[in-house]
Amino acid sequence: MHVHRYEQAWFYFTLGLLIVFFSAVMTAALAFGVNVPSPQGVVNPNDLSTTDFAEPGVRQLSDTVYEAYVVGRMWQWDPAEIRIPAGAHLKLYITSSDVQHGFKVMGTSLNIMVVPGQVSLATHTFDEPGEYLVICHEYCGIGHPQMSAKIIVEPVQEP
Amino acid sequence: MAISRNLKALTLAYALLGIAALFVGALFGPLQALDHARIDTYPYLRMLLPFVKSYYMGLSLHGILNALIWTFSFTAGFLLFVTAKALKREYPRMWMPWLSFALMVVGLLCTAYALLTNQASVLYTFYPPLQGPPIFYFGLVLVVVSTWVVALSLISIYRAWRKEHPGERTPLPAFMSLATYVMWFIASLGVAAEVLVLILPWSLGWVQYTDPQLARTLFWYTGHPLVYFWLLPAYVAWYVILPKRVGGKLFSDPLARLVFLLFVLMSTPVGFHHQYTDPGVPAGWKAVHAVFTFLLFIPSMLTAFTVIASIEHGGRKRGGKGTFGWLRTLPWNDPVAVTMMLAGIGFMFGGIGGLVNASYNINLVVHNTSFIPGHFHLTVGTAVTLTFMGLTYWLWPQLTGRRIISDKLAVIQAWVWFVGVMIFARGMHWAGLMGFPRRVSMSAANYWLEEWNAPAMMTAVGGSIMYIGALLFFFIVVASFFTKRVTVDEEEYAFAEALSQADRAPALFERWSVWVGAAVVLILFAYGPYLLTYTYNFISPGFSGIW
Ligand code: HEM
Ligand SMILES: [Cu+2]
Ligand SMILES: [Cu+2]
């Protein structure tokens, strides 16, 4: 099969473009630690009472490490407010007790699907104090547009 | 050989069915766009159409009618037509393509019934455990089966032709049509399994629980190649009709074949790129699909090259000189050429955005934001839709023996749509980068960010302009039933010739079993180990009436 000279040049241009995007992906992963989620086990959404999601909320694990268990249900996040100090590294475990939801924190790269039966894990270090808007980004019925919450990052006073 | 009246009638029926679906589906477009700027027009809509219960009922209709029925119907008619035209023979059994049409109509009626009664406001992705009534899924099954019967019709005419022409290269338009449906058949098995095995028995109440994560995976097995099922018919038009309309030749026939074969090979093992943020899929498998997705970018870039080179050839033959002079001499008064060229420009922007979506962790920025619908209104919403509008103008004289009402109006129509979508998509992409979610009725939301004001306004204005473009199209179609009869000049509607011709394509290109076999191997690699190690979790009862 005959391939024209320009076609070859174009082909190399395409490869170049792909390499640029590939590098961007690698930079985000390695330099900024942005990674896509992996499985964290399964639960029974019809009975969360025997799981870590029985009492949704924030727990402090160490000086700077916090974990939060969050349940999405039609049409609110439980808890609807998470408070942590600036600099906290937050591990969010999220699941749904009914239909699919999506968990997105504005101004961060936190963006994860919440699927009944699955546990989603998203982590982020909140350095900037302030109020972060959390929204549900997967259609979950008529109340979907009202399914929002807050992460409040409080400034830390130097002792 | 002339196309039989029977086939013309079928093609016209399919095209009109698609256009009717678009007519209803597009109605919600500008309302959604206005809603993005928190302008709620639904109360007014209900004065006219009281059965429209909510934004989400409208959005479900918009997605299904536009993205499934308009595209599938038009594609079936168009590719059945060009295949017979290219092979210069009849379908051995005309009842087969007619059966496909009947299935499409019945499927559409079932689905539309469920949608219009607000029983199935589950959007076109119908993610379980959202649960519609059985008739909704049954209708969708018929729609997909209809596409399979189209595939069988194409195979039957191809085999009849092959017997009469042993050893010859399949004429390019027929080759591409066949490749499109072969690709789609392999791809559609995922959603077929999802609906037939998981959802229908569950919706009927035969089983109580389903596995939402597994359903997502099966859906997106089909969901990405679906994009190519939309796109490849437009590529067919760009390869074999557009060069002819601009007075040029197709740059390379063998390269066109290679592009379509690459799509058969690689369209499917990429579905996880829609699931980068899914909890139930390991990051490693997502990365594998990301790499395949990047490779899949290559045939589209080759298409861009071939199409632009073919257009340039036309522009130069018409006297265009210099680096860009050939652009000026293109037939900017021919609606068939103009729609397709504008569609192609829209697609270039769509392609770049698509690369962002495909980029693994970078996708986290845009996943489920308005960036995504912004992207696909450039691709399926413009590259495909505008091309199909142009194809309507191309087919019309051949099918009805009448001219379209006005070439000038049709050119204006294309430009209005194009300008509209450029503003609309700019707004949607921009807002999406600032976190604006998709599928949220903003006039009902309990949050809003000030920085969304400007892009949301662009979305609203651009979307309204697009809709004017759509209305012009519907007007042209209806008015063109009443124009004077003309005799069609066969030469004007012939397919483009190629500069580098079919006989330079390797014989391997005609060995379908090899390509299909290789595609299956890739799919087994991309999905097999995952499905073997996945923790199946059937726990979700259905949720209905929550909309
Ligand atoms: C008449 C011009 C159109 C306008 C103004 C328009 C506007 C919109 C808007 C604003 C959305 C986002 C809704 C949301 O996320 O809440 C949307 C979604 C969508 N549109 Fe369009 N659209 C138009 C035509 C089309 C066409 C021609 C197609 C396909 C052929 C199409 C396919 C879709 C699909 C598949 C969705 C996603 C539905 C979902 O999220 O479930 N649209 N449209
Ligand atoms: Cu939601
Ligand atoms: Cu995709």
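This is a predicted model: local features need pLDDT of at least 70, side-chain atom pairs count only at pLDDT 80 or more; totals for chains, interfaces and linings use all residues.
B:His224 sits in helix α8 of chain B, residues 212–240. B:His274 lies in the loop between α10 (253–266) and α11 (283–317) of chain B.

B:His274 has 23% and is partly exposed. The cut-off for buried is under 20%.

Next, the interface between chain A and chain B. On the chain A side, 59 residues are in contact with 70 residues of chain B. About 5,400 Å² is buried between the two chains, and carbon and sulfur atoms give 70% of that area.

How many salt bridges are there across this interface? There is 1. The partners are B:Arg439 and A:Glu138, whose side chains meet at 3.0 Å, N to O. As for polar contacts between chain A and chain B, the count is 19 residue pairs, with both residues at pLDDT 80 or more.

Which elements of chain A supply the side that touches chain B? Those giving at least two residues each include α1 (5–30), β7 (111–114) and β9 (130–136). Helix α1 of chain A gives the most, with 15 residues. Sorted by class, the side of chain A that touches chain B has 37 nonpolar, 18 polar and 4 charged residues.

Last item: helix α2 of chain B, residues 28–36. How many of its residues are buried? The count is 9 of 9. Among them are B:Phe28, B:Pro30, B:Leu31 and B:Leu34. The buried residues also include B:Gln32, B:Asp35 and B:His36.

What covers the buried residues of this helix? The cover includes five helices of chain B: α1 (5–26), α3 (42–48), α4 (55–87), α16 (407–433) and α17 (453–479). After α2 of chain B comes B:Arg38, which has a positive phi, near 60°.

Terms used:
Residues are numbered from 1 along each chain as its sequence is written. Chains are lettered from A and ligands numbered from 1 in the order in which they are written. Side-chain values use heavy atoms; hydrogens and water are left out. Helices (H or I, at least four residues) and strands (E, at least two) are DSSP runs, numbered from the N terminus. Buried means under 20% relative accessible area, exposed over 50%, partly exposed in between (1.4 Å probe, protein chains only). Contact means heavy atoms within 4.5 Å. Buried area is the accessible area (1.4 Å probe) that two parts lose on being put together, summed over both. A salt bridge is a side-chain nitrogen of Lys or Arg within 4 Å of a carboxyl oxygen of Asp or Glu. A polar contact is a pair of N or O atoms within 3.5 Å; within protein, one must be able to donate a hydrogen and the other to accept it, and residues adjacent in sequence count only if both atoms are side-chain atoms. Ala, Val, Leu, Ile, Met, Phe, Trp, Tyr, Cys and Pro count as nonpolar, Asp, Glu, Lys and Arg as charged, and the others, Gly among them, as polar.
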